[in-house]
Amino acid sequence: MKTIEKIAARAADLGNGMVIRRALPSRQRRMVGAWCFLDHAGPVEFPPGKGMSVGAHPHTALQTFTWLIEGEVLHRDSLGNVQVIRPGQVNLMTAGRGIVHAEESLPDERRLHAAQLWIALPSSMADCEPAFDHYPELPRWLTGGCAITLLAGTFGGKTAPARLHSPLVGLDVASGQGGAVDLALDPAFEYGILPLEGSIRIGATDFAIDEFAYLGSGAVALTVELAADTRMLLLGGEPFGEQIVMWWNFVGHDKEAIAKAQRDWESGDPRFGEVAGHEGKRLAAPA
Ligand code: MN
């Protein structure tokens, strides 16, 4: 494997005092395959009622991909979906031409640990009908003292159920006692790994929690050592062959698409609809 880049995730405030660490995009690395956004929330403990609370906001031309590790979060969207996501589950929301959603920890909840990802849609799918899917069961197996959950794509002869539109993979690897995994890689994919708890070693380099390891492409195998009480997220995908623009909660394939999304959100265009039953405020786009 070539030189591995180490990129420190940076803190960002989601509002309501909930601080997360953002590993993608960064100045050094915009994307890994079609994965274009990675926020790591928690692990954090809070008094009941003081958990995550993200008001109604729009998305375009992307899929939001939520991997929940601890806590319970309620998702509501402008298609009328109301879904609680629990540990070990994935929510996949396909924004396409436009969708609005709100997310909040359940009222009695005291913990949160999650990875919130976005996947850029290729231009052929950017304006597709919006959709929401909840995946309560994912492929899981044990190897080398580690528990592996396949979140997205195909790996180890198994395929995750999420409906994707680019060649991608996502894997959660967790170990209580510590271990090592030998991962077969696709040389056409670029890869990145983010420790979500504990620490990992790749070759002679250690990566602590929230230190993103960008691995590039061309490798066919990778061995990762996990310290005790470690969890990591592996992302991979074919390098995304199109230019995208990301601004606030929008992805677009040109600046005009972003400007139009902003105008449509501000003017209350029916493209974005309402989140029924949500009493919180509607988030405003920055100027
Ligand atoms: Mn969102």
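Guide: Let us begin with a definition: strands are DSSP runs of E with at least two residues, numbered from the N terminus. Asp-210 lies in the loop between two such runs, strand S20 (205–208) and strand S21 (211–217). Please note that this is a predicted model.

Visitor: Why is Asp-210 called buried?

Guide: Buried means under 20% relative accessible area. The relative accessible area of Asp-210 is 12%, so Asp-210 is buried.

Visitor: What makes the phi of Asp-210 worth a remark?

Guide: Most residues other than glycine have a negative phi. Asp-210 is not a glycine, yet its phi is positive, about 70°. Trp-248 also has a positive phi, about 50°, and is not a glycine either.

Visitor: Why does His-101 count as buried?

Guide: The relative accessibility of His-101 is 2%, which is under 20%, so His-101 counts as buried. His-101 lies in strand S10 (residues 99–105). Among the residues that His-101 touches, not counting those up to four places away in sequence, are Gly-55, Thr-64, Asp-77 and Val-275.

Visitor: What makes the pairing of the side chains of His-101 and His-57 a polar contact?

Guide: A polar contact is a pair of N or O atoms within 3.5 Å, one able to donate a hydrogen and the other to accept it. The side chains of His-101 and His-57 make such a contact at 3.0 Å. The side chain of His-101 makes another with the side chain of His-59, at 3.2 Å.

Visitor: Which bonds are cis, and what are their omega values?

Guide: Most peptide bonds are trans. A cis peptide bond joins Leu-24 and Pro-25, with omega about -10°. The bond from Gly-42 to Pro-43 is also cis, with omega near 0°. Pro-25 is in the loop between strand S3 (19–24) and strand S4 (35–45), whereas Pro-43 lies in strand S4.

Visitor: How do you know that the chain is as compact as a globular protein of that length?

Guide: The chain has 1 helix and 25 strands. Its radius of gyration is 18 Å, close to the 19 Å that the globule rule gives for 287 residues, so the chain is as compact as a globular protein of that length.

Note on methods
Residues are numbered from 1 along each chain as its sequence is written. This is a predicted model: local features need pLDDT of at least 70, side-chain atom pairs count only at pLDDT 80 or more; totals for chains, interfaces and linings use all residues. Side-chain values use heavy atoms; hydrogens and water are left out. Helices (H or I, at least four residues) and strands (E, at least two) are DSSP runs, numbered from the N terminus. The radius of gyration is taken over C-alpha atoms; the globule rule is 2.2 Å times the number of residues to the power 0.38. Buried means under 20% relative accessible area, exposed over 50%, partly exposed in between (1.4 Å probe, protein chains only). Contact means heavy atoms within 4.5 Å.
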